[in-house]
Amino acid sequence: MIQRRCAMRLMTIKYPAWVCGAALFAAACAPQAVAPTANSAASVSPSAAASPGLAAAVDAQLGIAHRWYTVPDPLIREDPVVTATFNGDPGAGNPRLRLTPGGAEFPFTPSGGNIWHARIALAGLAPGSYSARLVQRVRSIGDVPSAQVAFILSQPEYVVWTLDFEGDASGDAEMANTAAIADGLRVPMSVFWNPRVWTTDQVSAERQDAMLAWTKARMGRGDEVALHLHMWTDYVRAVGLVPRTAPSWAGRGDGYDVPITAYPGNEQQAMIGYGVKLMLQHGLPTPTSFRAGGDMGDAATLRAVAASGFTADCTAVARDAPPIGRIPYPWTLPAGAQPYRPSSTDANATGDLPLLEAPTIGGNTYAFTAQSIQPQIRANLGLFAPAGAVAPERKAITVVSHPGTIGSSERAAVEALLGAFGPLRYDADAGPVRFVTLAQLATAYGR
C-alpha cells in the first residue's frame, strides 16, 4: 500500500497557482454527470436516529488531509478522513457528512475532546468533484448543514520507469546519473538485471561487482529488481543450449540481437530459469517482472514467463513503435495500448495467462536529448487527463531507459520526460498520477 503523508490542512489553505489556476482547475471542479452510488458505510445507528436533536447546531471547523484522491484498486485505497473541531458536544445532533452530488452520508465519531472524525468510503463513488458538508439534527428544525470541505476523486494514472541492464558493462557515471534522476524526482525504478554478466569474460569482475552493488543499493531504497534477457551466445551456452545467431535485428553475430522467439518455448523457459538461479546465487531477490531483449516476444515467450512464476511482463510495444532493426516487431497492439492479461495462444490478445502485460508505450529514452524528446513527452501527456482534470478511466504508461547509457544528454532527456508529469502528481496533491514499479502495477491491476 502506497501511503501519502500530508499534514492535515484546513480548507482555508491556498494551493499553488499551477494546481488551482482557473484554466487548469475548471475541469476538475465542474459538476459531474454520473452520480455516486450510496454506500452502506454511511448508515445511521438506531440510537442516533432516535435522538431528539440539538437545541442549536454546534459550530465546527473541518479539515481534510489533501484534495486529490483516487478510485480504490488492489494496490491503493486511501479514503478521505475529515476532522471536525467542534465548539461543544455535537453528539445529540447525530453529526455526519453529506456528499454532493449523490447524498451519501458518513457518520462522525468522537476522537477525544471536541475532535471528531468521519471517514468517506470511496468504493462505489464515481470520479468527479465532491463537497462534504457537516449536517447536524436540530430540534424542531431537522437537519442543519454548515461547514464543508471539498475533494476530487479520479481514476488513478500510473507511470512505470524501467531500467534495462543489457548484459554488458555499465559505467559508474551513468549509473550515478540514473540514481540521481530517481532520487531527485522521487521516482521508483524497476531495475531489470541481466545475468549474462556472470557468463562472459567481456565484463570484468570489477564491473560485475560495481553493477551488482548499485542494484542492491537501489533495492535497499525500495526499487524493484526484475529480469531482462538478451540471447548472448555465451549466456545460451552457459544454460546448456545451442546458441543461434539468426535471425537478428542488427547482424552482430554475438547473439545480443537474436530475439528470444528464435528458440522454442521450452528453451526460453530454461534460459529464464537459469537467469533467476544466477540472481539468487548472487543475493538478488526472486524477480516477478520480465522483459525480453529488443521487445521481441510471442505467445510462447509469455507462456514461459508465466510458467516461471512471473506476474508481470513489459516486452510488448505498440504497432507504431519505431523499429530497432531489420526484424519487424511481433506486436499488433494499438497506440496507447493499456495493460492486459494476454492469451496463451496470442500475445496480442487478451486471455487466460496469470500475467499482466504492460506495453512499453512511453518510449525508449536512449540517445534522446532534452530537445529531441519533446514529441515523446507530448505523446505521453496526451494519454492522460489534462492537468487539473479528473481521469475518467485508469491508465498506465511504461517508459524504458538503460543504466549503461544515461550520460549527461540522456539524463536531461529523462528528467524532462519524467518531470513533465509534475503538474499531475498525486504526491504533490496536483492530480491522479502515481509513479510505481512494475510489480506494484501488477498488483494494481490484480484480480
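These are my notebook entries on a predicted model.

**Ground rules.** I number residues from 1 along each chain as its sequence is written, and my side-chain values use heavy atoms, with hydrogens and water left out. Because the model is predicted, I take local features only at pLDDT of at least 70 and side-chain atom pairs only at pLDDT 80 or more, while totals for chains, interfaces and linings use all residues.

**Entry 1: the largest pocket.** I looked up its volume and got about 1,100 Å³. A pocket here is an open set of points on a 1 Å grid over the protein atoms alone, where a 1.4 Å probe fits, with protein on both sides within 12 Å along at least five of seven lines. Lining residues have an atom within 4 Å of a point. The volume is the space filled by probe spheres set on the points, which are joined across faces, edges and corners. I found 40 lining residues; closest to the centre are Ile 324, Tyr 329, Gly 363, Asn 364 and Val 400. Both β14 (289-292) and α9 (374-383) supply at least two lining residues each. The largest share, five residues, is from α9. Helices (H or I, at least four residues) and strands (E, at least two) are DSSP runs, numbered from the N terminus. By class I noted 19 nonpolar, 14 polar and seven charged residues in the lining. Nonpolar covers Ala, Val, Leu, Ile, Met, Phe, Trp, Tyr, Cys and Pro; charged covers Asp, Glu, Lys and Arg; the others, Gly among them, are polar.

**Entry 2: a helix pair.** I checked α4 (residues 172-185) against α5 (residues 205-220): the angle is about 5 degrees and the axes are 11 Å apart. Axes are lines fitted to C-alpha atoms, for helices over the stretch in contact, and angles run from 0 to 180 degrees between N-to-C directions. That makes α4 roughly parallel to α5 (angles under 35 degrees count as such). Contact means heavy atoms within 4.5 Å. Among the contact residues are Met 175 and Ala 179 of α4 and Met 211 and Trp 214 of α5. I count seven nonpolar, one polar and four charged residues there.

**Entry 3: a sheet.** I traced an open sheet of five strands with mixed pairing, in the order β3-β10-β9-β5-β6. Two strands pair if DSSP finds at least two bridges between them. At the edges are β3 (68-70) and β6 (105-107). Twist averages 35 degrees from one strand to the next. Antiparallel β5 (residues 96-100) and β9 (residues 128-138) are joined by five bridges. Leu 99 stands opposite Ala 132 in β9.

**Entry 4: Ala 420.** I placed Ala 420 in the loop between α10 (408-419) and β18 (433-436). Ala 420 touches Ile 377 and Leu 381, leaving out residues up to four places away in sequence.

Conventions. Parallel < 35°, antiparallel > 145°, perpendicular 65-115°, else oblique.
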